[in-house]
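Visitor: I'd like to learn how to read a structure like this one. Can you walk me through it, feature by feature?

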Amino acid sequence: MVKQISVFLENKPGQLSEITKVLTAKNISIRALNIAEAAEYGIIRLVIRKHDEAVAALKEAGFVTMESEVVAVKIPDVPGGLNIVLSTVSDFDIQYMYTMIDRAGNSAFMVFRVEDVEGFKKIITSSGLNVVDEL
């Protein structure tokens, strides 16, 4: 299972560097990151291998966090690879998605947030695509 940490913060300069400062101090690397913003606030979505340590460190530093399960799908390394994945799940209500690159394995992944995680995983795997349980 891939867990995502959402961090809520004010939309003002320096906030993202405060998050990375906290994680750096604990020797925690970010695997994937997505930023969504509104006029007054922002949401930073993170996928981190040391998930529990990261949540504890961010909360200790005063950040408001939320955890959720996301689905990471390996993207086929062919022209239209993303289209193969998106066509497979076109009937699902995808709340949002973002990418992650694995330099060591030369692979790309799409991280999906959906309501029906198990159903989404089932349709992906039954189509011959790969769901990744850890990034």
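Visitor: How many salt bridges are there between domain 1 and domain 2?

Guide: Some ground rules before that. This is a predicted model, where local features need pLDDT of at least 70 and side-chain atom pairs count only at pLDDT 80 or more, while totals for chains, interfaces and linings use all residues. Residues are numbered from 1 along each chain as its sequence is written, and side-chain values use heavy atoms, with hydrogens and water left out. Now the general idea: side chains of opposite charge can pair when their charged atoms come close. The cut-off for a salt bridge is a side-chain nitrogen of Lys or Arg within 4 Å of a carboxyl oxygen of Asp or Glu. Between domain 1 and domain 2 the count is 0.

Visitor: What area is buried between domain 1 and domain 2?

Guide: Buried area is the accessible area (1.4 Å probe) that two parts lose on being put together, summed over both. For this pair it comes to about 830 Å², with 55% given by carbon and sulfur atoms. On the domain 1 side, Val2, Gln4 and Arg31 supply 47% of what that domain buries against domain 2, more than any other three residues.

Visitor: How many residue pairs are in polar contact between domain 1 and domain 2?

Guide: A polar contact is a pair of N or O atoms within 3.5 Å; within protein, one must be able to donate a hydrogen and the other to accept it, and residues adjacent in sequence count only if both atoms are side-chain atoms. There are 4 such residue pairs between the domains, both residues at pLDDT 80 or more.

Visitor: How many salt bridges does a search of the whole structure find?

Guide: The search finds 4. One of them joins Lys3 and Glu67, with the closest N and O atoms 3.9 Å apart. That pair links distant parts of the chain, Lys3 in strand S1 and Glu67 in strand S4, 64 residues apart. Lys3 is partly exposed because its relative accessibility is 34%, and Glu67 is partly exposed at 36%.

Visitor: What does Lys121 pair with in a salt bridge at 3.1 Å?

Guide: The partner is Glu69, and 3.1 Å is the distance between the closest N and O atoms. Lys121 is in helix H4 and Glu69 in strand S4, 52 residues apart. Lys121 is buried, since its relative accessible area is 16%. Glu69, Glu118 and Lys121 are linked in a network of salt bridges.

Visitor: Which residues of helix H4 are buried?

Guide: For any helix, the idea is this: an α-helix has 3.6 residues a turn, so residues three or four places apart point the same way. In H4 (residues 117–126), the buried ones are Val117, Gly119, Phe120, Lys121 and Ile124. These pack against strand S4 (64–75), helix H3 (81–88), strand S5 (94–102), strand S6 (107–114) and strand S7 (131–132).

Visitor: Which residue takes a positive phi just after H4?

Guide: Gly128 does, at about 85°. Asn27, a residue other than glycine, also has a positive phi, near 60°. Asn27 lies in the loop between helix H1 (15–25) and S2, and counts as exposed because its relative accessibility is 61%.

Key
Buried < 20%, exposed > 50% of the residue type's maximum accessible area, 1.4 Å probe, protein only. Helix = DSSP H or I, 4+ residues; strand = E, 2+ residues; numbered from the N terminus. Contact = heavy atoms within 4.5 Å.
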